[in-house]
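Please read it alongside the sequence and the three-dimensional view.

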Amino acid sequence: MDEAFVEQCVLDLYKIEAIKFGSFTLKSGMQSPFYFDLRTVVSHPKIMETVAKLLWAARPSSTYDLVCGVAYTGLPIAAIMSLREDIPMLIRRKETKGYGTKKLVEGSYTKGQRCLMVEDVIVSGSSVYETVETLRELGLEVKDAVVFLDRQQGGAANLNATGINVVSVLGIIKLMSILYKHGCITSEVLESVKEFVSTHNETSIKTKDKASYKNGVLVKDRKHCTYESRVTTTDHPLASTLFELMSTKKTNLCVAADVTTSQELLALADKVGAHICLLKTHVDILQDFSQDTIDKLKALAEKHNFLLFEDRKFGDIGNTVAQQYGGGSHNIVEWAHLVTAHGLPGDGIIKGLMSAANGRTRGCVLVAQMSSEGTLTSQEYVQGCTKMAEKHTYFVVGMVSQSNVSSDPRFILFTPGVQLKKAGDTLGQQYVTPKAAVLERGADVIIVGRGITQAEDPAAAALIYKEEGYAAYLERIEQKLENPSAVGS
Ligand code: 5IU
């Protein structure tokens, strides 16, 4: 390809404002210091023809039976190629029309024909992927895509991972250097774009079969993975145990046993034990806590096959939590498989807990969000907790959350504030139903307290919550993916 030809085209595109600098919100929500949009070329036929020529010259192979542009900007460009090269084209609609033939793809084709994809710009590669997926479902062979601008944010690697070879006319860094060389932009703008690209190079795409690719590496979305499949994908032995027992007992129910005597606690654990995967305690509520209570509780956990989860919400510096966890009158580390902790203090809290665990198989759940009215956890705080969890997957098994804070299948999301009958209490608690917790908020485990503990028959109530929660989970793993979002035309 003639370099001078590419340079001239970039300068022409700059003149017609196909590339702009400033602050732009992309479809994915990402803030970008530049925006590239070839839609404007429809008003400049000569430039559009040059773009089409450059894209055609970039094609990786010489034998195609069809071309197909990604809607919308890819369409007129593909039409020009079709005309110039005398190759039939296809149009893939963005949505199926609600009348007539309901076809998603317009144009004639036969199975096995080779189709070249045409796109103006790629970020994650989602738009290209979506179109290719439809064409492949029709039996077409789609292996190659030509794009004008690669924003160099992982899209090409994502597409390569799905068997699509991507060739771009140029990448954003090259485009920027051409503009800089010709005095169109300042060195500050050049640097800001370079900085943006180096820090925003992780994108992912989702496929219909519920897989996603992050920078070319296959990752399945947590919400669509079965508990059983997650037994092996997690890094944590307790998370594996929990997934295993959730899938064999067919339950994602955790009962919150906020009772005041050991007798009540043990009676409740025995009644609901068959229906739960976890029993959540606040042992500091018990008036008569003793080692005997713990011994009996452990025996019930063995008998009914559930794990013990002390909702201690540790929140101090590492040195203090190490002492609180591994000592005091409750000696939590000795009997609780899982404990809750706040992310607030930073990494030190995890290090403190781990030092007290001292090699025992123990795990913690970070409180990322709360169910109570007026909770102070901001989005930034939630992201901070998620990042912390990602750094310590050998100790953090997941997060307490009220929304889908992570799609990473290694993490278990625990959602409290679940009730079938009430909307809240007088002290700020806010409830959702088991179905909403699992389907709308992305819970893996629902935590139910008074909905069960204050029911006339706690065992019967636990069975109802268990069935509702598990049915919602089964519905969720079957759900189709929401439309992948990405910038493009
Ligand atoms: N709990 C919440 N909300 C939270 C967190 C923990 O309700 O955000 I973090 C605890 C408190 C109680 C249980 O032990 O979960 C919920 O009990 P009820 O279902 O009775 O409201």
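## Backbone and loops

Y72 sits in the loop that joins strand 3 (66-69) to helix 3 (74-85), where helices (H or I, at least four residues) and strands (E, at least two) are DSSP runs numbered from the N terminus. The peptide bond leading from A71 into Y72 is cis, its omega being near 0 degrees.

The model is a predicted one, in which local features need pLDDT of at least 70 and side-chain atom pairs count only at pLDDT 80 or more, while totals for chains, interfaces and linings use all residues. Residues are numbered from 1 along each chain as its sequence is written, and side-chain values use heavy atoms, with hydrogens and water left out.

A positive phi is found at E17, where the angle is near 60 degrees in a residue other than glycine; E17 belongs to the loop between helix 1 (3-15) and strand 1 (19-25). N358, which is not a glycine either, has a positive phi of about 45 degrees, and its place is the loop between helix 14 and strand 16 (363-367). At 64% relative accessibility N358 counts as exposed, on a scale where buried means under 20% relative accessible area, exposed over 50% and partly exposed in between (1.4 Å probe, protein chains only).

## The chain as a whole

The chain contains 18 helices and 19 strands, and its C-alpha trace spans about 85 × 55 × 40 Å along the principal axes. Of its 489 residues, 53% count as buried.

P33 lies in strand 2 (residues 31-36) and is buried, with a relative accessible area of 17%. K206 is part of strand 9 (residues 204-206) and, at 26% relative accessibility, counts as partly exposed.

| Pair | Separation in sequence | C-alpha to C-alpha distance |
|---|---|---|
| A356 and V321 | 35 residues | 8.4 Å |
| P33 and F289 | 256 residues | 59 Å |
| K206 and T186 | 20 residues | 37 Å |

The buried residues of helix 14 are I349, I350, G352, L353, A356 and A357. Seen down the axis of helix 14, these residues fall within an arc of 160 degrees, so they line one face of the helix; the arc is that of the directions from the helix axis to the C-beta atoms. An α-helix has 3.6 residues a turn, so residues three or four places apart point the same way. Just after helix 14 comes N358 with its positive phi.

Helix 15 (residues 379-391) has 13 residues and reaches 19 Å from its first C-alpha to its last, close to the 18 Å expected at 1.5 Å a residue, the expected span being 1.5 Å times one less than the number of residues. In helix 15, V382, C385, T386, M388 and A389 are buried. They cover an arc of only 160 degrees around the axis, which puts them on the same side of helix 15, whereas E380, K387 and K391 are exposed on the other side.

## The ligand site

Which residues come closest to the ligand? Among the 16 residues that surround the ligand, the closest are D258, S371, Q429, Y431 and R450, a residue being near a molecule if one of its heavy atoms lies within 4 Å of it. The shell divides into seven nonpolar, four polar and five charged residues; Ala, Val, Leu, Ile, Met, Phe, Trp, Tyr, Cys and Pro count as nonpolar, Asp, Glu, Lys and Arg as charged, and the others, Gly among them, as polar.

A nitrogen atom of the ligand is 2.7 Å from an N or O atom in the side chain of S371, and an oxygen atom of the ligand lies 2.8 Å from a polar side-chain atom of Q429. The side chain of H282 has an N or O atom 3.3 Å from an oxygen atom of the ligand. The protein covers 91% of the 490 Å² of accessible area that the ligand has on its own, with areas taken from the Shrake-Rupley method with a 1.4 Å probe.

How values were computed: Polar contact = N/O pair within 3.5 Å; in protein donor to acceptor, adjacent residues only side chain to side chain.
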